[in-house]
Amino acid sequence: RDEYAKTHKHKKHGKLFYAGIAALAVAVIAVGAAFAYVQVLSGNLHAGLGNVGKYLVKTNMTKEPFYMLLMGTDGSEERDESGDFGDSYRTDSIMLARIDPVNKKVTLVSLHRDTMVDMGEYGVNKLNAAHVFGGPALSVQTVSKLAGVDISHYAEINFDGFRDIVDALGGIEVDVPMTIDDEDAGGHLDAGPQTLNGDQALILCRARHAYDKYGDGDVYRAANQRMVIGAILKKVLASDPVTIASTVSTMADSVQTDLSIGDIVSLATQFQGFDMSTNMFSGMEPTNSKYVNDTWYEICDTANWRKMMTRVNQGLSPYESEDEDITRGVAGAGTATKGADGTTSAADSSSDSSAETSAETDYSGTVEVLNGAGIEGLAGRVAATLDNQGFDTTAATADSYDYSKTRIIYVGDANKAKAQAVADTLGLSNLAADDGTYAGAADVVVVLGSDMANN
């Protein structure tokens, strides 16, 4: 009996020993698999960044404010499969984010993709060409120079990835300021508070022509993009760890960034309790349109841009007053602003004083463009530009080619707002009432002079 008990005991210990070894092996394999998975995710996140790190100025991202460049490209799986776009995609969204982890503040400033910039060896180009010529590295250098700030981090996302992230979060809560009907952007959205899925959020972020009546669709689209990013941020910070992990996993397939997974989790933890209504600011680079060498550019209003960036650097709203935000009531969600008493308030995106009721411009109606300068194709180019802004345009020849100064004529007082919108689009100011010469021709008549050919 004693011998049996001794043998049996040894067998029991042996089983426990081997069970322990097996459990340890499983644990090692599990840890190794988890490590490998994290490495794969990190590799995906950092893919395609090139030498951008060379131009990023490092900061302590948990203890001091820093700037991050956010780029949205028009890349997607469908476009990849078509083969029509090669390896380069346009950056339809360019955003500079100031992130203050100590005071839990975020400021998003959109940059107009058509901003005229000098890219050195690549010459004078639109801002979004930086990504085509030099990828993330040149984009960071160009935006840093334009804004006059050091950039510490970079992130880039394509259309498919954006949609997948919203879906991974179970949708986002957004108050859509106005009904969107824009087939080029993907379809229709009702106005009002609602939960948007990935496809719907993408419509809101891509819609431009829904705002043709109000002005430059890129400006209104940018306001919606900032609103959606805010909604995503709000949803992520309110999510449980499992959802956050799922979102990071989804991000890794379609986001390129220098941030590590640890950085992302650390920032999310740092911003727990973030108050969107008072500590998230939003604005747009001030620009003016100008026709240069057969191309329309946005020219940065440097004085107001410096004023805006001074406020942003101080942790204030880009705008001194909510009235400076031309998209208010039509796009975006309003912007938090510092009042004279130092308190913070948020502009109401459903304010009655919307652009539709208070605007002095009207981007609709008929416009006839007459070539009075004798420059071949000039009337057609200008007409096409106005047509893109929402006008119904025609091009023809003036009664002579002797016009030196361009004239913008409104046919009837009711069309003055339309003429002002035409003037704003062309970067001109000389409006005149019709004296009967053009009665019945169109709502607005533009007689192009030689000054337009030189602009």
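Predicted model: local features only at pLDDT ≥ 70, side-chain atom pairs only at ≥ 80, totals over all residues.
Side chains of opposite charge can pair when their charged atoms come close. The structure holds eight salt bridges. In one of them, Asp258 pairs with Lys58, and the closest N and O atoms are 3.4 Å apart. This pair links distant parts of the chain, 200 residues apart: Asp258 belongs to the loop between strand E11 (255-257) and helix H8 (261-270), and Lys58 to the loop between helix H1 (2-46) and strand E1 (66-73). Asp258 is buried, at 17% relative accessible area, whereas Lys58 is exposed, at 56%.

A network of salt bridges links Arg113, Arg208, Asp218 and Arg221. Asp218 is in helix H6 (residues 217-237), and Arg113, 105 residues away in the chain, is in the loop between strand E3 (105-111) and strand E4 (116-118). Both residues of this pair, Asp218 and Arg113, are buried. Asp218 also forms a salt bridge with Arg208, at 4.0 Å between the closest N and O atoms. Because Arg208 lies in the loop between helix H5 (198-206) and H6, while Asp218 lies in helix H6, this pair ties together parts ten residues apart in sequence. Arg208 is partly exposed, with a relative accessible area of 28%.

On the surface, Asp181, Glu183, Asp184 and Asp190 gather in a patch of negative charge. Asp184, in the loop between strand E8 (180-182) and strand E9 (187-189), is exposed, at 60% relative accessible area.

A search of the whole structure finds zero disulfides. Cys205 is buried, at 9% relative accessibility, and Cys300 is likewise buried, at 14%.

Technical notes: Residues numbered from 1 in each chain as written. Heavy atoms only, no water. Patch = residues over 30% accessible without salt bridge, like charges linked within 9 Å, V, L, I, M, F, W, Y side chains within 5 Å. Areas by Shrake-Rupley, 256 points an atom, 1.4 Å probe, with all protein chains shown as cover. Salt bridge = Lys/Arg side-chain N within 4 Å of Asp/Glu carboxyl O. Lys, Arg positive; Asp, Glu negative; His and termini not counted. Charge placed at Lys NZ, Arg CZ, Asp CG, Glu CD. Helix = DSSP H or I, 4+ residues; strand = E, 2+ residues; numbered from the N terminus. Buried < 20%, exposed > 50% of the residue type's maximum accessible area, 1.4 Å probe, protein only. Disulfide = S-S within 2.5 Å.
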